[in-house]
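Please go through this note with the coordinates open.

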Amino acid sequence: MGTHQDKRRLRFYLVLLVSVVLLGTFGFMLVEGKSLADGLYFTIVTIATVGYGDIAPTTVAGKILAMFLIVTGVGTFLGVIANATEIFLNRREADVRLQKLHMVVGIFFSETGNRMLKIFAAADPDINNIGKIAALGEGWSTADFTKAAQAVRQSHPDIDPARIDFVELRDFLNEQRDLIVRLLESPYMLEHEVFTDLLLATLHLKEELLHREQFDGLPQTDLDHLRGDMRRVYPLLLGQWLEYLAHLKEHYPYLYSLAHRTNPFNANASAIVR
């Protein structure tokens, strides 16, 4: 929101500055009899507070116009410089925050997310379709990743509880609890609501599993409940995975190469380079 306001403010100052320059230029041409070049030159050096002194107004109207330019033009010129500098610094700060956010997301997938994807992919009854969507490719562009993420959202990925080893999933998520909590405490989570939702959904799934002493003989209603919790995590996990891989593809091709070779949706995936 702040960035849009800064841009609107900069546009306002630019329009005002151009108006003042035009007014000063044509004003000096009219009241001082200056040429277009001299009128523009004197207006610019006055607004920029340079004031070489080689051209000076000789008429009363010209002096009044010069004072008007000093009062309005200098402030407008400084406003343009200040706002342009602020936008540049804000954009640079935003880029740094985004880079650090990607680092946080990378830690999650390295320690937790990739393992969860393998578990859910193995229990996906529509794995062939999802596998085609998330096939990845060495030459994928940002548009390819965006298209795949949209296809994931439209496919509504599902989980078959009968294919889930709940004990394995529970123990794994419980081991990752401290990491997930630390990630949630990161100030950069405010920059990424979807990733925050993923972490919260993962913590909730962990809590649901921990509150069950055993998983044999669970009623169908409870299995459906757990299925709903996993279905909440699965598409968020897939979408964030694709977004993260798009970042790796552009900035860290060696990390993307490993992710491509160990794609959990590829039955023949192997980290071994052949």
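The points below concern a predicted model, and each can be checked against the view above.

1. **Charge pairs overall.** Side chains of opposite charge can pair when their charged atoms come close. With a cut-off of 4 Å between the side-chain nitrogen and the carboxyl oxygen, the model has 11 salt bridges.

2. **Arg-9 and Glu-86.** These two residues form a salt bridge, with 3.5 Å between the closest N and O atoms. Arg-9 belongs to helix α1 (residues 2-31) and Glu-86 to helix α3 (residues 60-122), so the bridge ties together parts that are 77 residues apart in sequence. How exposed is each partner? Arg-9 is partly exposed, at 33% relative accessibility. Glu-86 is also partly exposed, at 32%.

3. **Asp-158 and its arginines.** Asp-158 and Arg-231 meet in a salt bridge, 3.4 Å from N to O. Asp-158 sits in the loop between α5 (142-155) and α6 (166-175), while Arg-231 sits in helix α9 (residues 220-251), so this pair ties together parts that are 73 residues apart in sequence. Arg-231 is partly exposed, with a relative accessible area of 32%. Asp-158, Arg-227 and Arg-231 are linked in a network of salt bridges.

4. **Arg-212 and Glu-208.** Are these two residues buried or exposed? Both are buried. Their side chains meet in a salt bridge at 3.0 Å, N to O.

5. **α8 against α9.** Helix α8 (residues 193-210) packs on α9 at an angle of about 150°, and their axes are 9 Å apart. The angle is over 145 degrees, the cut-off for this class, so α8 is roughly antiparallel to α9. Their crossing is left-handed. By class, the contact has 11 nonpolar, 4 polar and 4 charged residues.

6. **α3 against α8.** Here the axes come within 13 Å and cross at roughly 50°. That makes α3 oblique to α8. The crossing of this pair is left-handed. From α3 come Val-104, Val-105, Phe-108, Met-116 and Phe-120; from α8 come Phe-195, Leu-198, Leu-199, Thr-202 and Leu-205.

7. **Arg-170.** This arginine lies in helix α6. Is Arg-170 buried or exposed? Arg-170 counts as buried, at 16% relative accessibility; the cut-off is under 20%.

8. **Tyr-256.** Helix α10 (residues 253-261) holds Tyr-256. Tyr-256 is buried, with 1% relative accessibility. Which residues does Tyr-256 contact, leaving aside its neighbours within four places in sequence? They are Leu-136, Gly-137, Glu-138, Trp-140, Phe-145, Leu-245, Leu-248 and Lys-249. Tyr-256 and Lys-100 are 156 residues apart in sequence, and their C-alpha atoms are 18 Å apart in space.

9. **Two positive phi angles.** Most residues other than glycine have a negative phi. Leu-136 has a positive phi of about 60°. Its place is the loop between α4 (127-133) and α5. Leu-136 is buried, at 7% relative accessibility, and is one of the contacts of Tyr-256. His-156 has a positive phi of about 50°. His-156 is in the loop between α5 and α6. With a relative accessible area of 56%, His-156 is exposed.

Key:
Residues numbered from 1 in each chain as written. Predicted model: local features only at pLDDT ≥ 70, side-chain atom pairs only at ≥ 80, totals over all residues. Heavy atoms only, no water. Helix = DSSP H or I, 4+ residues; strand = E, 2+ residues; numbered from the N terminus. Buried < 20%, exposed > 50% of the residue type's maximum accessible area, 1.4 Å probe, protein only. Axes fitted to C-alpha atoms, helices over the stretch in contact; angles between N-to-C directions. Parallel < 35°, antiparallel > 145°, perpendicular 65-115°, else oblique. Left-handed = near helix turned anticlockwise from the far one by under 90°. Nonpolar A, V, L, I, M, F, W, Y, C, P; charged D, E, K, R; others polar. Contact = heavy atoms within 4.5 Å.
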